[in-house]
Amino acid sequence: MPGLLDKRLWIVSGKGGVGKSTVSAALALRSARAGRRTLVCEVNTQERITRFLEHPPVGPEVKLIEENLWAVDVRPQEAMREYALMVLRFETLYKTVFENRLVRYFLRFIPSLAELVMLGKILYHLQETLPDGRFRYDTIVLDAPATGHAITFLNVPQVLLRTVPPGPMARDALKMRDLLVDPQVTAAVLVAMPEELPVNEALELHAALRDMVRIRTHAAVLNGAFTERFSEGDLEALAGHPELLRVARSHHDRVSLAVLAETKLERNLGAPVYTVPRIFTPTFGRKAIEQVMEYLEPLVTGAK
C-alpha cells in the first residue's frame with residue numbers, strides 16, 4: 001500500500017487520550033526528516049505537539065521550529081481575521097465590519113462559522129505557494145479534534161454546501177470539500193488504544209468519515225500496545241512467586257487485549273493497522289516521539 005509520503009494532507013484523529021497528538025508529532029517529524037517542508041497544525045488546543053518536541057509554544061502564527069518543520073495552533077478569532085481579510089482584502093474594511101460589536105454578536109449565530117474559518121486556514125496553507133509556483137508546504141499534518149468534534153469539524157464544507165446560498169462562502173466550501181475528499185491529496189489516520197471503547201470509537205469515526213465526509217481511512221495506529229515478554233513456560237516457572245506471577249499474568253493479559261484490538265481494527269477498517277508499543281518513560285518528550293516515529297516508518301514510507 002502507498003505510504004503517507006504520497007499524500008499532502010495527513011489527518012490524525014481518534015478518541016481523546018489515545019495519543020493522537022503523539023502520533024501527529026511523530027509523523028510531522030518524520031516528514032520533515034524526509035526533506036519535506038512540513039506544517040503541523042493543532043486546533044485551538046494547549047499545544048501538546050510543540051511541548052513533545054521540546055519547543056516553546058508557537059501560538060496562532062505559523063512558526064519554524066526546526067529544519068523543514070513549522071507549527072501553528074489554529075484558533076477561531078485569528079482564523080476569522082485571516083479569512084475575512086482574504087475575502088474583504090482591506091484591513092480597514094475588516095475592522096469596520098468584523099470588529100463592530102453588533103456584527104460580532106450576530107456572527108455567533110452562524111452555524112459552524114468557527115470550524116469553517118479554522119479549517120479554511122489549514123486548507124489555505126495546503127494550497128499556499130512559493131514565488132516559484134511550488135507548494136509552500138509539501139506535507140500538512142492536522143492533529144484533528146477528537147472523534148465527535150472531528151466529524152463536525154471535517155463535515156463543515158458538506159453542511160455549508162447544503163445550507164448557504166451561492167457566493168464566496170459556498171465557493172470556499174466547495175474547494176475545501178474537494179480537497180478533503182480527494183484520495184490523492186488527503187489521508188486519514190485513526191488512532192486507538194488496545195481497549196474496547198477507543199477501538200469502537202475508531203470504527204465509528206471510520207464509518208462517519210466514509211459515509212458523511214467522504215474521507216477514506218488510510219490506516220490505523222494502535223498506540224500503547226503491550227508486547228509479549230512472558231511465555232507460558234515463564235509463567236509456569238513463576239508459580240512459586242505469587243507477586244511476580246501476578247505481574248507477569250497481568251502483562252500477558254494486556255498483550256492478549258492488544259492482539260484482539262488489532263484483529264478487530266483490521267477486520268472492520270479494510271486498512272492496515274500499525275502498532276506502537278507502550279513506551280515506559282518517566283517523562284514523555286522528544287526522545288519518546290522519536291521512538292514512536294521509528295515504529296511508524298512503514299506507515300510513512302509504505303514499506304512492508
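**Note on the predicted model**

1. Helix 13, residues 286-295, has these buried residues: Arg286, Ala288, Ile289, Val292 and Met293. Viewed down the helix axis, the buried residues of helix 13 fall within an arc of 155°, so they line one face of the helix. An α-helix has 3.6 residues a turn, so residues three or four places apart point the same way. On the other side of helix 13, Lys287 and Glu294 are exposed. All of this refers to a predicted model.

2. What do the buried residues of helix 13 pack against? Their partners are helix 1 (20-33), helix 2 (48-52), strand 3 (63-66), strand 8 (273-277) and helix 14 (297-301).

3. Val23 is found in helix 1 and, at 0% relative accessibility, counts as buried. Val23 and Ile289 are 266 residues apart along the chain, and their C-alpha atoms are separated by 8.0 Å. Ile289 is one of the buried residues of helix 13. Neighbours within four places in sequence left aside, Val23 is in contact with Val12, Val191, Val221 and Leu296.

4. Some totals give the background. The protein has 14 helices and eight strands. It has 304 residues, of which 50% count as buried. Among the contacts with a separation of 6 or more, 73% are between residues 24 or more positions apart.

5. The next point concerns the nonpolar interior. In soluble globular proteins, nonpolar side chains tend to be buried together. Here the largest nonpolar core has 51 residues, and Leu9, Leu142, Leu154 and Leu265 are those with the most contacts inside it. Apart from that core lies another, of 36 residues, with Trp10, Val18, Val141 and Met193 among them.

6. Which residues does Leu142 contact, leaving aside its neighbours within four places in sequence? The list is Leu9, Trp10, Ile11, Val12, Ser24, Cys41, Val43, Ile122, Phe153 and Leu154. Trp10, by contrast, is listed in the core of 36 residues.

7. Aromatic rings come next. A pair of aromatic rings is described by the distance of the centres and the angle of the planes. The count comes to three aromatic pairs. One of them is formed by Phe52 and Phe284, which are edge-to-face, at 5.5 Å centre to centre and with 70° between the planes. The pair links distant parts of the chain, 232 residues apart: Phe52 is in helix 2, and Phe284 is in the loop between strand 8 and helix 13. Phe52 counts as buried because its relative accessibility is 10%, under the limit of 20%. Phe284, at 34% relative accessibility, counts as partly exposed.

8. Another of the pairs is Trp70 with Tyr137, also edge-to-face, at 5.6 Å centre to centre and with 75° between the planes. Trp70 lies in strand 4 (residues 69-74) and Tyr137 in the loop between helix 6 (113-127) and strand 5 (139-143), so the pair ties together parts that are 67 residues apart in sequence. Trp70 is buried, with a relative accessible area of 14%. Tyr137 is buried too, with a relative accessible area of 4%.

9. Glu201 is placed in helix 10 (residues 196-213). Is Glu201 buried or exposed? Glu201 is buried, yet has no salt bridge. The nearest side chain of opposite charge is that of Lys15, 4.8 Å away. Residues up to four places away in sequence not counted, Glu201 touches Lys15 and Thr147.

10. The last point is about backbone angles. Most residues other than glycine have a negative phi, and most peptide bonds are trans. Asn44 has a positive phi, near 55°. Asn44 lies in the loop between strand 2 (38-43) and helix 2, and at 46% relative accessibility it counts as partly exposed. Asn68 also has a positive phi, near 65°. The place of Asn68 is in the loop between strand 3 and strand 4, and at 18% relative accessibility Asn68 counts as buried.

Note on methods. Residues are numbered from 1 along each chain as its sequence is written. This is a predicted model: local features need pLDDT of at least 70, side-chain atom pairs count only at pLDDT 80 or more; totals for chains, interfaces and linings use all residues. Side-chain values use heavy atoms; hydrogens and water are left out. Helices (H or I, at least four residues) and strands (E, at least two) are DSSP runs, numbered from the N terminus. Buried means under 20% relative accessible area, exposed over 50%, partly exposed in between (1.4 Å probe, protein chains only). Lys and Arg count as positive and Asp and Glu as negative; His and the chain ends are not counted. A salt bridge is a side-chain nitrogen of Lys or Arg within 4 Å of a carboxyl oxygen of Asp or Glu. Contact means heavy atoms within 4.5 Å. A nonpolar core is a set of buried Ala, Val, Leu, Ile, Met, Phe, Trp, Tyr and Cys residues joined through side-chain atoms within 4.5 Å. The arc is that of the directions from the helix axis to the C-beta atoms. Rings of Phe, Tyr and Trp (its six-membered ring) pair if their centres lie within 6.5 Å; planes under 30 degrees apart count as stacked, over 60 as edge-to-face and the rest as tilted.
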